[in-house]
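Me: Could you walk me through this structure with a few questions and answers? Here it is.

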Amino acid sequence: MSSAATAETTSPAADAAKSPLARLGSAFVNRLVIIVPYLWLLFFFLIPFVIVFKISLSTTAIAMPPYTPVLDFSGGISGFFGQLKQLGVDNYTWLTEDALYFNAYVTSLIIAAISTVLTLIVGYPIAYGMARAPATIRPTLLMLVILPFWTSFLIRVYAWIGILKPEGLLNQLLLATGVISQPLIILNTYTAIFIGIVYSYLPFMVLPLYSSLEKMDYSLIEAAKDLGCPPTSAFWKITFPLSLPGVIAGCLLVFIPAVGEFVIPDLLGGSQTLMIGKTLWNEFFANRDWPVSSAVAVILLLLLIVPIMLFQQAQARAQEQGR
Amino acid sequence: MNATWSRFNITSVVLGFAFLYLPIVLLIVFSFNESKLVTVWGGFSTKWYVSLFHNQGLMDATWVTARVGVISATVATVLGTLAAITLTRYTRFRGRILFSGMVFAPLVMPEVITGLSLLLLFVAVGLDRGFLTVTLAHITFTMCFVAVVVQSRLVSFDRSLEEAAMDLGAPPVKTFFHITLPVILPAIISGWMLAFTLSLDDLVIASFTSGPGATTLPMKIYSQVRLGVTPEINAACTILIAVVAVGVIIASVANKRREVQRQRDEQAAQRG
């Protein structure tokens, strides 16, 4: 009791004594907490984009690094202006002139869109089934959805090669059961890419869907049923609209990375598939054309900027609601 | 409650999990295949595991990957936690929108863009590609995942505990280490594990940013997969899955135990 009393009497005094210093210290700490991650992301995330943009305007050179530098200040002011004149949108005109790139962009967007819809169709019943499961087993089910996410993406894509190839497990099964008489050619087709994307990104779709379906008040459905509403129409009028935030978040989480996907089209789609992530990779590693691959990246980023901003807004809104 | 879990719901959950797990199970089963043909069963054998340990290139790559993973996950956890605190606690400062954009955008950014842009940065500042550049790249993209995980815990955190500590005269730094940190520790640990597995897993960003002598395991696996499917790769993948599975199980058991302890403490506090 006495110690508490002394603490009470000394604390305001001590507080007053160290107050300016402590306040200064805490202001410094506050600033540090913000500044360290801020500067890190500025330097390693934002500035690199500026560099990509800059290099996309320069011309290819046979050197290391394989491009002529833009904005090199070693030549002084006159050299700087000389270089400004060299800046050009040649790489971009090149991209528009060659139908290959245009087709790759369009194909990527279409493949990503179809895969997103397929993932939604596959993921929705799973998320719905999980949300309606008895509360005691829900954490286990959730864990089981998250677990594959911990195993390597590359491994999960690789696993499908053994299943889908002509002499693979799926064809063995179908041939043995007599469903087909000729092995199906799935590997190295767009079907294989769809399977790969749906499989790899399924947890990203199920998790946001589940979290919005779990919060839903199911007495609404019962009320609709009591009032004579058939289950299908209750689903489209009540369940689906209420799960819309989850649908949007899930679709963005699948669509955006799928557009620039490299591993899946490369391993499952074979050499014929045209997807922009693969085009960029080849442009960079096989052709060593850094300026053109930078231009490819800039256009890809411009295509994705709207979905990315939508995603960020959805995240920020979820955060506001959580608070 | 069980009445509402209809047959349709049970079927869709079971089918969904079968779809998620069957390919991985098949991969593991065929790593014990005697035959060199991956998809034709020729009897049980562990010979591919033996040959795996004699594959020096694969072993070197594993060592590089493990070091990159531990270092980058640790730094990313510190930076990601700071970013999470910034996002939840400092609602007003200049450039906040830019900051939250920079935290959320890398989560969905196509890896080819992140990889290319980081590589061009390293070239521009004259940093030789190798172990350091891969580690820096991994820190950058995994810290955002850590930030999201820790942030979700911070949002649900009861701030009155911190206010109580500060009212009693504890300086902010002390309050953080004695009050806030223990509460958000589970989130920080799972953030670290997420960062570690993401680093372990990454092929695209590592391929852009690594140089000679810093080949990571996914890069090695990828180059072998391109040459064809072999049981040896299945064996390597199985070991990788086993390592991650053991880690996840240990973490969840530890988490559960801490949760039980916390509940016991709370009950004791209420009684006393």
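Reply: Happy to! UniProt positions are given in the numbering used here, feature names are shortened, and annotations may be inferred rather than shown by experiment. This is a predicted model, where local features need pLDDT of at least 70, side-chain atom pairs count only at pLDDT 80 or more, and totals for chains, interfaces and linings use all residues. Residues are numbered from 1 along each chain as its sequence is written, with chains lettered from A and ligands numbered from 1 in the order in which they are written.

Me: Where in chain B does UniProt place the domain "ABC transmembrane type-1"?

Reply: The record is an unreviewed entry. Over the stretch in question, chain B is 82% helix and 0% strand (DSSP runs: H or I of at least four residues, E of at least two). UniProt places the domain at residues 62–252.

Me: Which helix of chain B gives the most residues to the side that touches chain A?

Reply: In total, 68 residues of chain B are in contact with 81 of chain A (C-beta atoms, placed from the backbone, within 7 Å). Elements giving two or more residues include α3 (56–89) and α11 (231–271) of chain B. With eleven residues, the one that gives the most is α1(B).

Me: At what angle do α9 and α10 of chain A pack?

Reply: Helix α9 (residues 219–226) and helix α10 (residues 231–242) of chain A have axes 10 Å apart. Axes are lines fitted to C-alpha atoms over the stretch in contact, and angles run from 0 to 180 degrees between N-to-C directions. The angle is about 145 degrees.

How values were computed: Contact = placed C-beta atoms within 7 Å.
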